[in-house]
Structure formats: structure tokens, C-alpha cells
Amino acid sequence: MISLFDRRSSPMAEAEDIDRDGLLGHHSIRANANQDSGGGSGGKSISLGQLFKRVGDAHSGGGVAENDVYASPEHYVLELDEFAAGGGAGDHLASRPVPFVLAFTDLSYSVKKNRKLSLFRGNGLAVDPAAGLPPLEAISRTKTILNSISGEAREGEIFAVLGASGSGKSTLIDALANRIVRESLQGSITLNGEKLEGRLLKVISAYVMQDDLLYPMLTVEETLMFSAEFRLPRSLSASKKKSRVQALIDQLGLRSAAKTIIGDEIHRGVSGGERRRVSIGIDIIHDPIILFLDEPTSGLDSTSAFMVVKVLQRIAHSGSIVIMSVHQPSYRILCLLDRLLFLSRGQTVYSGPPDGLHRFFADFGHPIPDNENPTEFALDLIRESEGTPDGAKPLVDFNKSRQNTQLALTTAEESSVSLKDAISASISRGKLVSGATERTTSASSVQKHANPFWIEMAVLTKRSFTNTKRMPELFAIRLGAVLVTGFILATIFWRLDNSPKGVQERLGFFAIAMSTMFYTCADALPVFLQERNIFMRETAYNAYRRSSYVLSHAIVGFPPLILLSIAFSLTTFFAVGLAGGTQGFFFFVLIVLASFWAGSGFVTFLSGVVTHVMLGYTVVVAILAYFLLFSGFFITRDRIHDYWIWFHYMSLVKYPYEAVMQNEFDDPHKCFARGVQMFDNTPLGGLPDAMKLNVLKSMSNSLGVNITGTTCITTGTDILKQQSITQLDKWDCLWVTVAWGFLFRFLFYISLLLGSRNKRR
């Protein structure tokens, strides 16, 4: 009996055990004795999916209840006697051919840098005497990022790319991970000698970004569980998904932090090293065959960085290819790496195992001193060479000459296992690759997503609700802002009468209230901007569809809008003294809700187009001001010039403004100006009432109509005609406002389709 995963009491304890097991002789031990250098389960070269399958069988057969998947990790025990019977795990590894070999040959990538022209002589450009213009090559310069990079990475090994900042490490990782447009990348990338198609690579691989992009209020266990819901197929039962998550928590060494939230700058959560391991975990939940990592140890202390690489070693030994970039590894980390590729300004300086560094630099004439970190020596020498006129060219040429002499040996060691057989064997061993089956051999036979649309939407909705409900202060602030705005408007426009002045005050209240609904939606702008990088990472490898995200985003954001609409309506409707009674109140709630819906959709769409928060706020405020200007309040529709009338119909404020106007004034029997009130807001308004009555009598005699002090002069219908609100009724305005909300969310979806391509050009 052995434990499924090697559990230590602390990272320091594991580090000490590794040192005692002989880290300094890591590579020689592997080469000569075929033993595990980590002292844990990493040496057992069987897939994590296979281990998980055995755990599931042992779990169901051991009489443990299905709902006890969150029990202590000690119950993950399995029999591996069949591996011990035939010798050690190392013998098993040595007798098995390497099934996966990722090879890349002559990878080159260049970008064009456009140089600005100057009208002055000091621009430094040579001028063509014939044309009087600078030559074309001086205007458009090409910078080579990668220059004929070749190498190979094998299953069960960690392939590390090293180099100084700007050497091309991240670019090479992106090139191998299909994050660079193929037309811009020269060279070939093959898996087991066959061209690797982009769609197939998305299914069998994972990419871990340098930044930890996680939801702050989810626990470690919840984060991994949601990732399992996305990446693992629906055919896998919920209990097996939970068991997979528990096994992964043990593999990552996160058992003690499983119930701790991720945290952010405000909320205290897990440590930096634990956060990095969670980032790795969410991308390996489906047990990928190839794992790419962009500087996974960046920003971590020595022990945390070592723990991360130790986890990567376990992942490699479980049957995966691990390819990572690293800036300057410590000696302990170096002993965990299997193959190194040093870059200098896009060129290969050294390619080979870590234990070959001493001989390489000794043959080059710069032997590595005793007791010095070989990688630090190599990087320092590369930096010094880059400062010389020839740069690192001597090192590059020396490496090429050595590689040419070893070409025959390298060719002889290449795997003879085809890609079809390797993938089938990997899945049959229990790999949980999402969307793949044992018949997966090409991009045409791969499902793009692991789960159907409705499951993705349900999981996304649950995750967002879980994250937002743990930050109630955000909704409380938004509700407080709406209540304060409503209170101010209610006290300013308190109990308006039905006089002509009351009519003008009502018009002002409606215009300000409806435009305020849109302005208060601006807080939705940073929501997607904060989630953008998470969205980009998850959709890059088809965790879910973009349409699922858009609909989930709308579902999660709708319930708060209902509460805000009711709160604002209760605060203002009765205090201002609006008409319509109960029916009028409910319609007022609906149109306020529709305004929130359209406004949040508009801001959400802008968040998909504008990538900076401050720029987004500027655009939102400016456009909403234009909407208010053309709404029909400041200038009526019949007074707007033809060349601006289109903006009037584009105004989001127009439709809710006209809807509440009709809700208030669409009554031909309700009078808003009687007799002498017709003189209000005119120079005659200051005359005595007796004189006003005499004027009315004179007008009656002239017009032949009896006009007294109580005669109705202006009805609600007359007010609507004066404001040119005659084209749509209030329900039409309501439906148009709702339609705007749907339209902007569709445009948000289009912006995600066009703007979320994770590839360089």
C-alpha cells in the first residue's frame, strides 16, 4: 500500500526531504538508476487519470459514502503491487517507450516596427537623392524575436526555457502553445512526428499565464471544482469530479488551504505560492497531455518557487509534457528540470540537460567555477556577451556545432509511436482530456467544448453568484446611491401640483430621473474589465462558449436591477405625486427596470470595446450626455434638424422619457391649465386676477367661445402634443427600451468574438 500522493507536513519539510534524497545528483540518478529524485509519488510514471480511476474504484468498493468526498486525505490509498512486482517504478518507466515527443524545428518569428517620419533633418534617416525620400527599409524595420529555434520536449520531463528579459522566452512558449498566428510563424511543430493542429492542441494541452487570474472570493476547493465543471465532460459523474478535485488538491499540496478564499488586496486569502499552484490546478484539472507555463515562479520566494516546480515535476511524471519559461532558477529548481533551452535575443545559446552545462562551458573556454549556480553563471556570461560588438554569436555558433555532432544520436532516440496510438493509449490509461475519446486522432474528431451550452451557462451563473454574494458591500453601495438620488429628487420635486409650473417641474423630474438610471449603471463598467483576463484565459482553451458567458453575465446582473428599480420607484413615485395610481406605479417600476436593463447592457458593451477603466468612464459619461441632449426634453423632436434626427432615435433616454410622460399625461380628461393659469410663465402672469378675468372675457368675445376662470385650457394630451410625443405609446416605448438592452448584449457578444483572440500577429 502506498499513498496516492506524497503528503508533507509543510513545504519546508518537503524541501528538506528532497535535499536529503540527493538533489545534487538528480539527473545522474535518473540516467543511471532510473529512480525518483523527489522521494514522492512523482517517480511512478503512470497518468494522474489512471491514479484517479483507481482511487474511484477503491472509493466505491471501500464502503465510503458518496457524500464523504471531502473527508480527510488519508482515505486516498491504493494498491500498486503490480508495479512493484516487476521491479521499481523506474524500471517500469525504462521499459516503456516514450509515447509523446513534441518537436519544433527552425521556429522564427518577426514583428514589424514602423518608424515615424520627421520633417526635420535630425530624424537620422538617409534620404534618397533621386526621390528626396528616405528608403523603405529605413521606414519599416523588422525585429526578429525568434531566430531558427529548434528542440524537443518529452513526456515525463520538464522542458525549461531560460534567458534574460527580452530574450524571447514567452514568445517561444506562445509559439508552441499556438498563441501566434501560424502565418506569422515560420518553422514546424510536430507531436510524434505529425503536424499538430490547433484545435487538437487546445483539447490535449493547457496554458498557465504568468499572472494569477482568479476570482478572489472563491475558496481553493470551489475554484478547482468550477474548473472541473467546465473542463471535464458531462459523462463523468459529479462524485468522480469531486474525487478528481480532491486528488488534485493533494497533488498540489493545498489540503490545508482548501477552504480558504483566494483573496485580493482587500480580503485576506491564500499565500502567493498557494495562489500560483491554484492557477496551475485550474488548467490541469482535465489532466492535459501538454502543459505550457509562462514563468510560473515569477514573484515567489525561493521555497514557494521550489514547491511550484516540484508540483510540475509530479505532473510530468504522471504522463504529461511540461514546458515552462523561467527567468533565473535556483540550484534546487535546476535539479528538478530535465531539459534546458537558453535564449539570447531570440537565438539558441544552449540546448540540453542541466548536467551538460559544465562540459558545454568548459569546452567553450569558460568553465563554471565550483559551488556556483550553473544557470546564474550561464546567464551572466550571456549578458556579458550581449554587451560586446559580436553579441552572443560565438556562443550561438558553438552550440550549433555541438548540436550538429549530436544530430544522429538524437534522431535515433526519437519515438516511433504514432500520434494516433499515443493519444489512444493515453486516454485508455485514464487521461481525463476534455472532449477527447480513444478515437481522437485529429482536429475533426475532437469536440470543441466538453459540455453543452446550458451546463456552461449554469456553472458560470453559479460561480458569479457565489463570488458576488460574498461581497455584499458592492450592492449596498449601489443601492445606497440609488436611494440617495431618489431621496434628493423626491425632496426637490415634493408633491407637484397640476398647474403649468407643476407640468414644467414634472418634465424636469422625468428627464433627470430617467437619465440618472443610465448614469448609475456606469458601475457595471469595471465588472467585465476585471474579469477580462480570466475570460480570455478560460475561453482560449474552450472551457466554455462566449455566448454562455454573455447570457450568464445578463442573468447574474438582472436580480439586483429589480431591487434597485423597486427602491427608486418607492422613493420617488408617491413623494412626487405622480399620476396613475397602482397601475401607474407598476408601469413606472417596469420602465425604470427597463432603463436599468438597457443602461447596464450599454455599459457592458462598452466594457467589451474599451479596455481601460478611466477611458471607459469618459466615454460613458459623454455618450449619455448626448443621449439626454437628444431625448426630446431640451428640444422637441419637431425642432431637431434633419441631420441630427437620427441621433434622436438612437437616444436611450428618449424612450423611457416618453414612456413616463405618457404614463403621467396620457389622460384627455385631466386638466393642467384652467382659465387664468394660461397666463402663468408669461409677462401677464403678474397681473391681478380681476384683470386676468377681464382679459379672458375679451378673448371670449373675440373668439366666440365662453372662457371663464375654471375653463380647461390644457389637458394631458395637449402637453404630449406640445412635446411631440405622439409616435409611440408607452408600452411601445417600454418594449423598445427592453430591446435596446438585448441589442447591446448581442453587440457585447460580437465584441468578445472579435476582440478575444489570444494570438499574436
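The structure I present today is a predicted model. By this method, the protein chain has an accessible surface of about 34,500 Å², and carbon and sulfur atoms account for 57% of that surface.

Let me continue with the chain as a whole. The protein chain has 761 residues, of which 53% count as buried. Its secondary structure consists of 30 helices and 14 strands. Among contacts with a separation of 6 or more, 79% are between residues 24 or more positions apart.

Val203 belongs to helix H8, residues 198-204. Is Val203 buried or exposed? Its relative accessible area is 4%, and therefore Val203 is buried, since buried means under 20%.

I turn now to a pair of helices. Two packed helices are described by the angle between their axes and the distance between the axes. Helix H14, residues 357-364, packs against helix H15, residues 374-386, at an angle of about 35°, and the axes are 10 Å apart. The crossing of H14 and H15 is left-handed. Which residues meet there? Leu357, His358 and Phe361 of H14 meet Pro374, Phe377, Ala378 and Leu381 of H15.

Finally, the surface. Val484, Phe487, Ile488 and Ile492 make a nonpolar surface patch of about 400 Å². Val484 is located in helix H20, residues 472-492. With a relative accessible area of 48%, Val484 is partly exposed.

How values were computed. Residues are numbered from 1 along each chain as its sequence is written. This is a predicted model: local features need pLDDT of at least 70, side-chain atom pairs count only at pLDDT 80 or more; totals for chains, interfaces and linings use all residues. Side-chain values use heavy atoms; hydrogens and water are left out. Patches are made of residues with over 30% relative accessible area and no salt bridge: like charges are joined within 9 Å, nonpolar side chains (Val, Leu, Ile, Met, Phe, Trp, Tyr) within 5 Å. Accessible areas come from the Shrake-Rupley method with a 1.4 Å probe; for residues, only the protein chains shown count as cover. A salt bridge is a side-chain nitrogen of Lys or Arg within 4 Å of a carboxyl oxygen of Asp or Glu. Helices (H or I, at least four residues) and strands (E, at least two) are DSSP runs, numbered from the N terminus. Buried means under 20% relative accessible area, exposed over 50%, partly exposed in between (1.4 Å probe, protein chains only). Axes are lines fitted to C-alpha atoms, for helices over the stretch in contact, and angles run from 0 to 180 degrees between N-to-C directions. A crossing is left-handed if the near helix is turned anticlockwise from the far one by less than a right angle, and right-handed if clockwise. Contact means heavy atoms within 4.5 Å.
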